[in-house]
Protein chains: 2
Amino acid sequence: MQVIAAAGRIADSFPVRNLNQDTITQAVLAGLAQTPEPRLHQLMTSLVQHLHAFARDTRLTEEEWKFGIDFLTAVGHQCSPTRQEFILLSDVLGLSMLTVAMNQDKPAGCTESTVFGPFHVEGAPRFELGADVANGAAGEPCLVRGRVRSLDGQPLAGAQLEVWQADAQGKYDVQYEDLDHAQARGILLADAQGCFEFRTIVAEPYPIPTDGPVGELLRATHRHPWRPAHLHFRVAAAGHETLVTHVFREGDPYLDSDAVFGVRQSLVADWVRHPDGSFTLDYEFVLNRSPA
Amino acid sequence: MQVIAAAGRIADSFPVRNLNQDTITQAVLAGLAQTPEPRLHQLMTSLVQHLHAFARDTRLTEEEWKFGIDFLTAVGHQCSPTRQEFILLSDVLGLSMLTVAMNQDKPAGCTESTVFGPFHVEGAPRFELGADVANGAAGEPCLVRGRVRSLDGQPLAGAQLEVWQADAQGKYDVQYEDLDHAQARGILLADAQGCFEFRTIVAEPYPIPTDGPVGELLRATHRHPWRPAHLHFRVAAAGHETLVTHVFREGDPYLDSDAVFGVRQSLVADWVRHPDGSFTLDYEFVLNRSPA
């Protein structure tokens, strides 16, 4: 009897008959007691406690529970290889930035991190230094220059910089269904002095996508969807912690109301406009050494 | 300038620059302050507080955050018109039963509720009283008989009963990809005395689906996936609260370790075996009056 044999294996399990709203949390926690990996046990225990506390504090109704199920299902169905609606949800609820902030225990002087965002994709094209990563994206031309260094001032030769940004229409390349190549997205390697330089377009403010369930949530809570203009960077160098951050544009009207709570003053920089109408941006990235 | 106009509309918004792990929760809550619907405001405020408290209590790492994003995305992608993985997740975390229990404030004597489960589908076929709802599903034959009444003893003539159950293989019809019709699932109307009778198959214990992310979670936490044998019922009658419940089978080895925490002693009944090998189940449903 397959069933009886299986039942035998749960002989030391927990009794779960006749649970009520006061006893169910302890029963679920008891059910997690055999989790072999201590960190997973800790995470699941805390998750169950907080999830149940949310339901209890709000006296969640069955209709609201069903609404939540349907909402999460819609978020899941919006996710695709080029759209990460769960990251967007985490971003607008401040969970992403909280997680970044908690893990931001770098020494003063290192470039600060901010949210990863939902528009990173693997496999960005590689460019030579000086190349135009815009690759046809609409926008005003801009030259971005800078250096990657260690906290002690040592240049990080050959550091890898990945950059991605929205175009003048406020859209990332992956948001255009009919676009078959990367635009305003690329990977470069710094030179022997840790210096880099590339051409791209000027960053502009844009609304996060509002055509999915996260957009519905923003409308229902009367929140605006705008993010201040920024370039995304992921900077990696041997022996150092990989940095995921943005450079934000000074003067942007959304710097103090970023829909995803990601702005740090140290990441705000000047996009300098020149008499010929072109722009330059200079920025230096300071990476923290990896733990020994 | 579209951007400037939009910025004007958020003039009374909240300052969100340079948030850290200690200030971000208040900033997110301030951002929800304009939510027009008071109940949504209450739910979102509590959700953000508990979500952030979970991240803070566990000092969630960025890798764990990403794992959570990927897990929820996989749960969403597993959801289809015939598979509700988010309900399954809510069930195994005890959230479903907690929600049912909190909203279970019926007078003593009414039939208790339990979880809805992930296998209900709309549009079940209708049957005459006495018909065989198994409709070809494998299992030992069983006659189910009973009555639907009000708490004061009044029969609820014409009450609608929807029943659904797994077959002898432990599978619901919707779990068979090549099955083109409903099995062991149907809708019946009680007669003028509130009585009903139908043929079906005997309920057997079964594991919840373990081929998706919820199955991974159960394996990682060393929990078994079994549910004790049961019939699902949804019973509706004019002037009364609709009842969503199960009838569980006495003697089942999983009554005290239901993977979704749904067993209540008052819902456990005898499947009586007769000398000819057939089974009968008798059960009475007592519905609560709707609030006046």
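Predicted model: local features only at pLDDT ≥ 70, side-chain atom pairs only at ≥ 80, totals over all residues.
**Note on the two-chain arrangement**

1. Turning to the interface, 82 residues of chain A are in contact with 82 residues of chain B. On the side of chain A that touches chain B, at least two residues are supplied by each of α1 (2-8), α2 (24-31), α3 (38-58), α4 (62-78), α5 (85-92) and α6 (95-102) of chain A, and the largest share, 15 residues, comes from α3(A). By class, this side of chain A has 46 nonpolar, 26 polar and ten charged residues.

2. Do the copies meet through the same surface or through different ones? Because 100% of the interface residues of chain A are also interface residues in chain B, the copies meet through the same surface.

3. The largest nonpolar core holds 155 residues, of which M97(A), V148(A), M97(B) and V148(B) touch the most other members. Leaving aside residues up to four places away in sequence, M97(A) touches V115(A), V260(A), F261(A) and G262(A), and also L19(B) and I24(B) of chain B. In soluble globular proteins, nonpolar side chains tend to be buried together.

Definitions and conventions: Residues numbered from 1 in each chain as written. Chains lettered and ligands numbered in written order. Core = buried A, V, L, I, M, F, W, Y, C linked by C-beta atoms within 7 Å. Buried ≥ 20, exposed ≤ 12 C-beta atoms within 10 Å, placed from the backbone. Contact = placed C-beta atoms within 7 Å. Helix = DSSP H or I, 4+ residues; strand = E, 2+ residues; numbered from the N terminus. Nonpolar A, V, L, I, M, F, W, Y, C, P; charged D, E, K, R; others polar.
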